[in-house]
Amino acid sequence: NIPSLSDVYKKHFRIGAAVNPMTLHDQEAFILKHFNSLTAENVMKFERLQPEEGHFTFTHADELIAIAQQNNKQVRGHTLVWHNQTPDWVFQQSNGEEADRQLLLERMKQHIFTVMERYKGKIGSWDVVNEAVSDSGTDLLRESKWRSIIGDDFIDKAFEYAHMADPDARLFYNDYNESHPEKREKIYSVAKGLVERGIPIHGIGLQAHWNLSEPSLDHIKQAIERYASLGLKLHITEMDVSAFSFEDKRADLTAPTEEMTDKLTERYRSFFDLMTEYAAVIDSVTFWGVADNYTWLDDFPVKGRKNWPLLFDEHLQPKPSFWEVVDVARKE
Ligand code: G3I
């Protein structure tokens with residue numbers, strides 16, 4: 001008798017999954033059983049929603065929203081302003097030259113308004129800006145067209161437009177390597193700046209693309225406390241735990257070894273132990289996928305290498321890590 005994961009965690013936080021048209025089609029009942037929050041893995045990104053200027057393609061996004069509405073599920077909107085999966089036209093004028101600040105701000109506003117107004121009341125929280133902080137070096141922000149054309153205040157603007165478009169939506173800044181001390185401090189200072197300038201931001205998304213060796217529990221704990229000290233809510237937005245440690249570049253396995261499974265189980269247990277400890281500030285924990293039959297990690301960092309980072313195996317059966325995670329909630 002397999003319990004619903006989101007039921008088991010009802011008292012702690014929502015449990016979500018990133019879905020795509022294929023998993024929604026093939027595994028709808030399974031998804032609806034275990035998850036009470038849904039995120040679009042790709043179909044709400046800029047290039048999918050507005051591949052050409054003014055031509056919006058909402059079909060897949062609408063389908064996800066309809067399923068969520070019919071089944072009383074929350075939706076996290078992902079994502080409005082990102083350097084990736086954004087079409088080139090956004091940054092160009094019709095003559096092929098680069099857009100200027102004013103034009104790009106108009107396009108940003110137009111995109112945010114069109115998308116957020118359409119889903120008003122149906123998408124409770126939005127990843128307004130995704131991955132704007134740089135991974136290394138002294139620069140706070142990564143190089144991107146958004147930044148080089150508009151300036152560093154593109155983040156402020158995105159949040160301001162988002163708040164105008166849907167004043168009830170909870171607005172998040174979302175990033176990865178969020179627990180790495182150096183990047184954590186950069187994310188912290190960007191978010192702190194927003195808060196201090198009175199920009200409408202309500203939360204920080206910790207993507208939580210973790211693995212068998214990194215990050216340490218201490219680093220995760222420090223990140224949670226640091227971000228929460230700003231008075232913001234936290235969402236774990238894209239959780240998966242690679243079955244490989246960071247250094248492990250093997251590409252020939254067809255199934256996880258016993259050692260990997262044991263370690264993964266232990267990691268999941270300690271992550272959920274920690275997250276339940278902070279349930280007062282963590283509102284939701286979303287997995288970046290449903291089950292091991294499909295995960296973006298099959299192509300990253302080693303193209304075509306099978307990975308097993310989720311709580312359900314390739315046949316949608318619960319893995320030992322699932323039962324550990326269930327056990328954590330029941331012990332509380
Ligand atoms: O749909 C096309 C298909 O028509 C085409 O033939 C094929 C050839 O490459 O590509 C398909 O698109 C791929 C798409 O996923 C759908 O599978 C893209 O190439 C591929 O780049 C894209 O990857 C997505 C990635 O974001 C893009 O950066 C992953 O699915 C998605 O899981 C991943 O999600 C991101 C979050 O949005 C932000 N945080 C990190 C996370 C993992 O990278």
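I count angles under 35 degrees as roughly parallel, over 145 as roughly antiparallel, 65 to 115 as roughly perpendicular, and the rest as oblique. Axes are lines fitted to C-alpha atoms, for helices over the stretch in contact, with angles from 0 to 180 degrees between N-to-C directions. Helices are DSSP runs (H or I, at least four residues), numbered from the N terminus.

I number residues from 1 along each chain as its sequence is written. The model is predicted: local features need pLDDT of at least 70, side-chain atom pairs count only at pLDDT 80 or more, and totals for chains, interfaces and linings use all residues.

**Confidence.** I looked up pLDDT, the predictor's confidence in each residue from 0 to 100. The protein chain has a mean of 97, and 100% of its residues reach 70 or more. The scores are ipTM 0.94 and pTM 0.97.

**H11 and H12.** The axes of H11 (residues 258–277) and H12 (residues 320–331) come within 8 Å and cross at roughly 25 degrees. The two helices are therefore roughly parallel to each other. I then listed contacts (C-beta atoms, placed from the backbone, within 7 Å). Leu264, Tyr268 and Phe272 are among the H11 residues there, and Val325 and Val328 among those of H12. By class, this contact has seven nonpolar, four polar and three charged residues. Nonpolar here is Ala, Val, Leu, Ile, Met, Phe, Trp, Tyr, Cys and Pro; charged is Asp, Glu, Lys and Arg; the others, Gly among them, are polar.

**Ligand.** I checked which residues surround the ligand; they include Glu41, Asn130, Tyr176, Glu238 and Trp296. The shell has two nonpolar, five polar and two charged residues.

How values were computed. A residue is near a molecule or strand if its C-beta atom, placed from the backbone, lies within 6 Å of it. Two residues are in contact if their C-beta atoms, placed from the backbone, lie within 7 Å.
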